[in-house]
Amino acid sequence: MADASSQTGRTLIDADRPGRLAEFWSYFRENRGAVIGLYVFTAFLLTAIFAPLLAPYDPSQQFREATLQPPVWQDGGTWAFPLGTDAVGRDMLSRLIFGARFSFFVGIVVVVVAATGGILIGLIAGFAPKWLDTLIMRLMDIILAFPSLLLALVLVAILGPTLLNAMIAIALVLQPHYVRLTRASVLSERAKDYVTSARVAGAGRVRMMFVTVLPNCLSPIIVQAALSFSTAILDAAALGFLGMGAQPPTPEWGTMLADAREFVLRAWWVVTFPGIAILVTVLAINLMGDGLRDALDPKLKRS
Amino acid sequence: MSLLKIRNLGVEFPTAGGPFKAVDGVDVDVAAGEILAIVGESGSGKSVSMLATMGLLPWTATVTADELSFDGRDLRRMPPRERRNLIGADLAMIFQEPMSSLNPCFTVGFQIREALRKHTDLTREGRHKRCVELFEMVGIPDPERRLKAFPHQLSGGMNQRVMIAMALSCRPRLLIADEPTTALDVTIQAQILDLLTGLQKETGMGLILITHDMGVVAETAERVAVQYAGQKVEDQPVGDLFDHPHHPYTAALLAALPERATEKRLPTIPGVVPGQHDRPAGCLFSPRCKFADERCHTVPPPVQPPAIGQARCHYPLDVPAHAEQVSA
Amino acid sequence: MLRFLLTRLGTFVPTFIGVTIISFAFIRVLPGDPIIVMAGERGMTEERYLELREQFGFDRPLLVQYWEYLTGILQGDLGTSFVTNRPVWDQFFSLFPATLELSLCAIVIAVALGLPAGVIAAVYRGKFFDRALMTTALVGYSMPIFWWALLLIIVFSGNLGWTPVSGRIGLLYFFDTPTGFMLIDSAMSGQDGALRSAISHLILPSFVLATIPLAVIARQTRSAMLEVLSEDYIRTARAKGLSPGRVNGLHALRNALIPVVTVIGLSVGTLLAGAILTETIFSWPGIGKWMVDSIYRRDYPVVQGGLLMIAVIVMIVNLVVDMLYGLINPKIRKR
């Protein structure tokens with residue numbers, strides 16, 4: 001059915017768009033978890049954007065007279081530091097709020113870089129002659145043979161431990177998934193009649209790739225983007241935790257956890273809150289991703 | 001005495017747009033040694049009513065009935081464990097798609113022996129001997145080798161023979177065959193039907209044949225029940241039904257058979273079976289019936305007496321002179 | 001089946017060569033003179049510099065260097081550690097059993113809990129049990145395991161005092177480790193409480209490492225089961241009067257296992273990546289901690305060799321999984 005509409009011409013497709021969006025939304029809304037995930041995600045997004053307005057203090061300001069102060073509901077806690085302070089007296093709440101910025105920055109940059117590169121390479125592989133296709137796919141197999149975190153760790157070790165290098169490394173190891181996904185959908189779309197008719201109509205190769213085929217391959221890629229957003233946040237935090245990502249005193253959640261390791265048995269809040277922040281963010285994105293997949297899947301199956 | 005007796009069977013499925021009545025007030029009687037054909041278009045609820053009898057519907061379905069008994073035993077009040085002892089042994093069923101109805105991960109031999117182990121006291125060798133015997137009975141050559149085959153290594157016709165062998169393994173007293181030939185090549189269809197009727201005569205079991213093919217009905221059945229949109233609309237011995245159809249739907253079905261066509265153009269029944277949302281208030285067939293009048297559209301029709309083929313119709317056709325007609 | 005195996009082997013060899021090229025390139029793409037970089041802040045004498053230069057063969061053409069590297073690998077020569085001066089190959093195999101023990105334990109936990117959880121969720125789909133299990137699984141799947149480990153340490157080691165915080169066995173015990181597997185060695189040592197100590201050291205790390213594979217397996221099992229349960233052959237099985245246990249546990253699960261085994265195989269890569277974090281936190285003397293420590297110490301021959309060995313292990317496991325896939329899927333086996 002979708003084939004027919006894309007064949008009929010652009011105007012028809014455009015007229016079709018709002019309907020499709022509404023249909024997608026009605027499917028998405030049915031999934032309560034996904035909607036909750038969306039709300040939480042929006043809240044974190046707003047936190048990240050308005051961090052300087054929301055945070056009570058500068059994230060690196062040190063209150064030497066109040067180190068390792070527990071959260072407000074515990075003995076010794078005050079409203080001055082609702083979630084307590086860390087070992088050098090920095091306000092946990094402010095650091096967590098600013099941490100949201102880094103996590104979202106990492107997620108967006110990694111997804112954009114990995115998806116752009118991956119889709120491009122996947123499209124090329126899908127349209128290329130067999131030898132080039134084989135070469136590209138073997139290359140991706142090689143990258144996938146390394147556990148992703150290990151490869152990212154080694155790449156950062158080569159490039160030097162900074163948040164930027166960590167993002168590059170993570171984008172690089174996530175990219176093969178996009179390549180495989182794009183190539184697989186391109187190959188299955190290319191076999192369909194509307195592509196043949198576009199070719200008969202004289203569409204150029206570039207037009208075929210980006211205008212005819214790519215829009216019909218997007219559904220699984222969107223789902224993959226949501227899932228790799230959460231993977232990127234997790235991996236960046238893990239690298240930060242290992243000292244190979246953002247460097248202290250950056251209030252990145254993983255790096256905060258690394259600093260907190262020695263206080264594991266003394267000050268639970270220093271360890272607990274950054275982890276909860278990571279977990280809740282990643283969980284919200286995964287819930288959304290599941291909802292996206294379920295909402296996009298019936299269409300995939302129907303076509 | 002009838003082997004299977006069903007009174008006023010109803011099956012409902014919950015759907016996004018409210019409950020959907022797939023089967024509505026269906027009665028079925030089958031005696032031992034009898035062949036009953038249930039005929040109807042797709043979606044007329046013929047498979048669903050039989051799946052309900054077997055207890056094979058998904059858990060979302062609600063089954064109601066005034067009576068649902070096999071050999072005098074009430075199937076509704078029976079504990080699940082007891083019912084499972086009956087199903088597969090005394091009451092067996094074969095399905096439409098032989099290729100997907102067998103588990104691809106097990107050999108066909110395993111799948112038959114499994115039924116034997118559940119329902120009989122046969123020893124290991126005894127079960128194997130019975131399998132070989134069954135394969136010979138259903139006409140599968142080289143049984144010893146075929147028993148070790150996986151379903152994907154056999155053809156559709158072969159797989160349907162395996163299904164029949166499996167259903168017959170514990171000597172059922174009633175076999176329900178749900179469109180057993182629909183998915184098969186035309187040349188194989190006749191073979192499978194001959195096999196089924198032959199085995200039925202040999203064993204004296206009851207046979208319910210679900211089909212949409214009037215040709216199949218004419219060749220095999222003794223009695224025919226016609227179903228339309230979840231309701232039984234007519235029930236007659238096969239000869240009478242073909243000679244004197246009482247319900248307009250039956251008449252239209254018969255007129256659509258190529259062998260019976262009198263004109264050059266094959267007559268068709270205009271319209272489609274009503275779905276969930278366009279169920280008429282009166283007779284369910286009224287929107288497509290060329291005899292329908294105002295009463296048909298508003299008042300549900302009564303069930304006529306057996307002399308008029310239990311037709312569910314206000315104005316049955318071809319009523320014998322002595323028969324007494326009921327009106328709603 | 002044979003043809004299937006041959007095609008798989010056909011892709012194995014080029015991938016292996018690619019992996020060696022990447023690990024070969026590793027030292028060469030370090031910015032600046034690799035030897036100076038490797039020495040880092042330690043510095044080195046002119047003599048040592050020339051010695052290393054010759055050892056790595058940096059004075060020869062790249063292709064020759066690569067050829068020597070490749071033939072070296074095939075003979076079990078992965079270079080020598082800067083820090084310990086021991087061959088990387090020997091070090092790898094002396095540490096590998098620790099990682100293997102941890103990973104095997106983790107995978108056993110993941111399968112033992114994940115498979116039944118997935119089956120139960122699918123059988124009771126939409127009910128409370130299903131929702132609870134799948135929510136838990138999604139939380140597990142989203143878990144930053146390094147934090148999860150710290151949390152468990154706070155509860156089980158800090159508050160309850162049940163488990164030790166680090167290592168493989170208590171300091172009290174000392175015995176030979178012929179197999180390298182602490183569970184076996186401690187049991188064979190005959191020392192009182194040794195096995196108990198080994199288990200208490202192993203349980204927390206392996207549970208942490210199992211978390212994500214467990215969640216993945218549970219989710220995958222559920223969706224595979226749901227697909228299978230709507231198949232015609234399940235109806236056939238029920239029509240035979242088989243018990244729900246046999247229908248779900250044998251007829252459905254046997255088919256659902258086909259995709260699930262693939263997932264279990266793929267989680268080996270996840271396990272090795274997870275071992276990096278888990279071993280670091282629990283001071284587990286395995287490959288993961290060794291790699292991280294070597295990166296910190298700029299012990300590049302170790303990083304290079306370890307990277308290659310881990311990739312090769314992942315590839316071998318994937319190959320085994322492919323064969324297993326052929327074994328459990330009759331449609332591939334008999335053709």
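Reader: What makes residues of chain C count as in contact with chain B?
Author: The test is C-beta atoms, placed from the backbone, within 7 Å. By that test, 18 residues of chain C are in contact with 23 residues of chain B. This is a predicted model: local features need pLDDT of at least 70, side-chain atom pairs count only at pLDDT 80 or more, and totals for chains, interfaces and linings use all residues. Residues are numbered from 1 along each chain as its sequence is written, with chains lettered from A and ligands numbered from 1 in the order in which they are written.

Reader: Which element gives the most to the side of chain C that touches chain B?
Author: H10(C), with seven residues. The elements giving two or more residues to that side are H10 (232–239), H11 (244–281) and H14 (330–333) of chain C. Helices here are DSSP runs (H or I, at least four residues), numbered from the N terminus; strands are E runs of at least two.

Reader: How many residues on that side of chain C are charged?
Author: Eight are charged, beside five nonpolar and five polar. Asp, Glu, Lys and Arg count as charged; Ala, Val, Leu, Ile, Met, Phe, Trp, Tyr, Cys and Pro count as nonpolar; the others, Gly among them, are polar.

Reader: How do you know that the span of H4(B) agrees with its length?
Author: The expected span is 1.5 Å times one less than the number of residues. For the twelve residues of H4(B), 108–119, that should be 16 Å; the end C-alpha atoms are 17 Å apart, which agrees.

Reader: What is the handedness of the crossing of H12(C) and H13(C)?
Author: Left-handed. That label needs the near helix turned anticlockwise from the far one by less than a right angle; clockwise gives right-handed. H12 (residues 287–296) and H13 (residues 300–328) of chain C pack at about 150°, with axes 9 Å apart. Axes are lines fitted to C-alpha atoms over the stretch in contact, and angles run from 0 to 180 degrees between N-to-C directions.

Reader: How many helices and strands does chain A have?
Author: Twelve helices and zero strands. Buried residues make up 44% of its 303 residues.

Key. Buried ≥ 20, exposed ≤ 12 C-beta atoms within 10 Å, placed from the backbone. Contact = placed C-beta atoms within 7 Å.
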